[in-house]
Each structure stands twice: as structure tokens, then as C-alpha cells.
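Morning, everyone. Please have a look at the structure on the screen, and I will walk you through it.

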Amino acid sequence: MSLLFLIAVPALAQETARDETVDVKGIIFGHLKDSYHWHIITIGEKEISLHLPVILYSKVSGWHFFSSRELEHTGSHEGFHITEEGAHAGKLVETLPDGTELKPLDLSLTKIALAVMINSLLLCVIVMCTARWYRRHSATDPAPGGFVGLMEYVIAMIVDDVIKPSVGKDYKRYTPLLLTIFFFILLSNIMGLIPIFPAGANVTGNIAITLTLALVTFFTVNVFGNREYWKEILWPDVPIFLKAPVPLLPFIEIVGIFTKPFALTVRLFANITAGHAIILSLTCVIFITARMGPVIGAPMTVLSVFFMIFMNLLELLVAYIQAYVFTMLSAVFIGLSRPEHQTEKKAKANAMANGRQPTVKVKEIH
Amino acid sequence: MDLLIPEVGTIIWMLIAAGIVFFILVKWGFPMITRMVDERNEYIDKSLLAAKEANERLAGIQNECDELLKETRAEQSRILKEAADRRDEIIAEAEARAKENGDKLISDAREQIRLEKEEALRSLRRQVAEISVQVAERVVRKELSADDEQLSMIDRMIDDVKTGK
């Protein structure tokens, strides 16, 4: 991200000179939010951007297909325009004949949607290339080096440190799914940090994306949860007055089913969004201080570049940690949905003996 | 606030893309890798176990070797000692036999010499006797032409023989 802005310094500087103000909020939200076109670079006066298809379904006027290029000149097309305020700011809305605005079903292939596809393709290529090495070798061959070795190291670490202890007995069933979630988030996070097309879209900082990922976990947990799990929710092992006649604890447990994916959604979204916002803010410091003259501008630029490098490295760490945490929590939720058939006492004793009880609790609090 | 509202379109696109990716990777991607990693881990465990066993066996063999070497050394020194004894024995025996042989040879030779000497003496005496007889014959033939002389002669000769003896 920051690099993109460093490249675009002259363009922005000109703009600054014209407008005399730096629209920090506009720059930051412009990046964080989805858009109908993918701005690649501005060279001088010329903007190079990818115009993406707009697909809309309106209850009033039916289906609409057009390129976002159409919106560039007039700002509106076929009765649709991008609204600036309200709950749908930045989205296309339809102006009805009576003057009211209606939000259509927006299936446009937006910047985020395209980035998701690019990331998905890249992920498939990476993993299938790795898998190809294994298809061509046998277990008795020496371990792979280079990129395949790195992938194997990361996979083995996630499986052994996260999935195996968290899911429990039949962890092998869930390993591919959890690994896919991990690598999808990790790759999307890293791609979000690379400022140049085709990377640079704020994929995991989009709440729709993190919600979808959390829903995958949600369905895995609740579809494959065993009887013990549902019994613990609907008829937990507590004194009778807590569950009948007022189902106090079952109610809390049922709310808990939905708070888990919600927590997953918000955690990933908030972490990545905050990271991007901080890096962009630091970038904007350069343009704000540049207007105050070279005496303030020069040292502040150096300082801000230093902080940006620091933040980028930190974000690289965050990219890994958030993918790790999301996978770990998903694994823990799956593990909790498959309690083994034994009495509560025994389970507790076992857990204490294994030293796992505290870990699980900590994970739940996160 | 609009940042916090999930867009339905994005969710649908994400579901499509992620669904395809998940399907591909869950079916053909990760199981391949994790299975292989598990297999390799198993293989390594097995190899380690085999190596340990081999090491133990090797240590056993080493011990056996040492034992064998020790035994062999003992055997060697025993054989050497035996050989030396045997050698001494043979030499002594040979010496004894040689001495015996030598003695026998010497005694034989002495006997031979004695016999030959006797033989020589005997033949010498015979020859002397013959020569004496021939000489006597000739003398007798010549002398016996006169009877006196003959008789004196005979007497003389008998005397000679008596004294000569």
C-alpha cells in the first residue's frame, strides 16, 4: 500500500497543490472500501484503472449489466448512481421516478470480488504445485527443499500445533478444510500488503469476506457436531433450576453458537482494517506535512517512511497471526462440537492431566 | 458505518470462489501433502527404530569380535608355544638320532678297518709264506744235490725257523 503511494507521489503532490487540502479520510476509506473499478496507478494526469463489470438486479427495472467505465463520465448510468452518504455510501443505488433511492441486489464483480478470485487462483496454483511434488515422490525420498519445503514446514506446524491438539481424535477429517482456511487468509493478508496490482485489495479487511469464512466454520461446527454437543447446549450438566422452567443456560449456549462466528468475523476484519488504516495514515502524514514547507516536511517524511516500514513488517506478522488465530479458533470450535462420550468429571480430569484445560479456556476468551 | 455492513454481492462472489478453491484443495491439494508428511514421519520413525536395532546389533557384533579376537590371541600363543616345544623336541630327537648314527658309523668303520687289517695281515703272511716256500724250494733244489749239505742245510733251516720264530 505504502509503496503505491510512494510511486504516486508526484501525482498526489500535484493534486495537493491544486486542492490545497489532503483528503485523508477519502484516501483511507477509498482503499479500505470496495469499489466498482480497480485503480492501478496515476501517471501525470492519466489514471490507469481496471473497469469491472457491474451486475445489478432491481425489483423495479430488472437486470442491468454494464461496465463501470460508463459511470466515470456522468456518474450515473441507466438510472443508477453511486451514493455518497447513508448506509450504502459508495454503492450504486437506483433513483426511482418518484425521487426515492432504492438499493438494488448488487452482484457486481467488484475490486474485492476480483481480488478474491485472483487470490483463489494463486492459492490453487501454489498448493497444487506443492501437491504435485508429493505426487511425484514417495515417502522414502528425501524431504523437499525450497518452496515445497517451506509449505511442508508451515503445513506440518499448523497440523501438529493447532489442528491436532484442538480438534482431538478424528482431526484428519478437518485438516484439509482448516488448512485451506489458514492459507486462504494468510495469502489474502499478504496480498493486501503488496501495493501493486494484482495484489493490494483489502480482501480480509472486508467484512463480507470474513463473514463468509466464519460461516464456513459455523456450518462445519454445527453440521458435524455430535449428540453430546447438542446435549451440552440444550440440556447442560448444571443444577436443574438453571435450565427449567426458564431455560437460562440453554439460551446462553444458543447465543454462544452465534457469537463464535461473529467474533471470528469481527476479529479478522478489525485487525486487517486497522493495520491498513494505520499504514495509510502514516503515508498521508507525508502529504500533509509536505504542505507545511520543507523544514517540517523533510524530517516528517523520513520519520513517516521509517514508521511505515515498521508497520509493514508488523502487518506481515499480523497477517500470519490472524490467519493462525482464525484457524486455531475454528479448530477449537470444531473440537468443542465433538466432545467424546465420557462423563464430565472424567473429561475434566483428562483435560487437566493433559494440561489442555487452561489452553482451551484461553482460546475461548480471545 | 457502511464499512461494517456486509455486501450480499461480495458474499456471493466469495462463496463461489471459496467454494471452488475449498473443493479443489480439500479433494486434491492438502490430503496429498498431509498424507505424505504422515507417511514420511512414519518412515522416519521406522528408520530410526531400525537404525537403533542395527546399532545394538553392531555393538553385539563388536563385542563378539573382541571376544573372538581374545580367543584367537590365546589360541595363537598356545599354538606358538606348542610349536616351539615340538621344535625343541624334534631337534633334540634329531640330535640324539644323529649322534647314535654317527657312533654306529664310527664303530662300523672301526670294525671294518680291523677286519681289513686282519685280512691284509693274513694275506701278507700267506704271501710271505709262499715266497718263503718258493725261496726254500729253489734253495733246496740247488742244495740238495749234495747229501751232507742237504742235511746240514735242513738242520740250519730248521734252526733258523726256530729262532726266526
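This is a predicted model: local features need pLDDT of at least 70, side-chain atom pairs count only at pLDDT 80 or more; totals for chains, interfaces and linings use all residues.

Where in chain A is confidence highest, and where lowest? Helix 7 of chain A takes the top spot, at 93. Read two stretches of chain A with care. Over residues 1-18 of chain A, pLDDT is below 50, and this stretch has 28 contacts beyond near neighbours in sequence. Residues 356-366 of chain A also stay under 50, with ten contacts beyond four places in sequence.

Now the layout. Chain A has 13 helices and nine strands. It is divided into domain 1, residues 53-108, and domain 2, residues 111-365. The C-alpha centres of these two domains of chain A lie 34 Å apart. Chain A has 366 residues, and 33% of them count as buried. Take the contacts in chain A with a separation of 6 or more: 65% of them link residues 24 or more positions apart.

Next, the hairpin. Strand 1 of chain A, residues 37-43, runs antiparallel to strand 2 of chain A, residues 46-51. Six bridges join them. One pairing to find on screen: Thr42(A) has Glu47(A) as its bridge partner in strand 2 of chain A. Two residues lie between the strands. Look at Gly44(A) in the turn, where phi is positive, about 60°.

On to helix 8 of chain A. Its 17 residues should span 24 Å at 1.5 Å a residue, and its end C-alpha atoms are 23 Å apart, so the two values agree. Why call this helix largely enclosed by the rest of the structure? Because twelve of the 17 residues of helix 8 of chain A are buried. Among them are Ile207(A), Leu211(A), Phe218(A) and Val221(A).

Last, the contact between the chains. Chain A gives 45 residues and chain B gives 35 residues. On the chain A side, the elements giving two or more residues are strand 9 and helices 5, 6, 7 and 8 of chain A. Which element gives the largest share of that side? Helix 5 of chain A, with 13 residues. By type, the chain A side divides into 29 nonpolar, eleven polar and five charged residues.

Methods. Residues are numbered from 1 along each chain as its sequence is written. Chains are lettered from A and ligands numbered from 1 in the order in which they are written. Two residues are in contact if their C-beta atoms, placed from the backbone, lie within 7 Å. Helices (H or I, at least four residues) and strands (E, at least two) are DSSP runs, numbered from the N terminus. Ala, Val, Leu, Ile, Met, Phe, Trp, Tyr, Cys and Pro count as nonpolar, Asp, Glu, Lys and Arg as charged, and the others, Gly among them, as polar. Domain bounds come from an automatic or database domain assignment. A residue is buried if 20 or more other C-beta atoms lie within 10 Å of its own, exposed if 12 or fewer, and partly exposed in between; C-beta atoms are placed from the backbone. The expected span of a helix is 1.5 Å times one less than its number of residues. Two strands pair if DSSP finds at least two bridges between them. pLDDT is the predictor's confidence in each residue, from 0 to 100.
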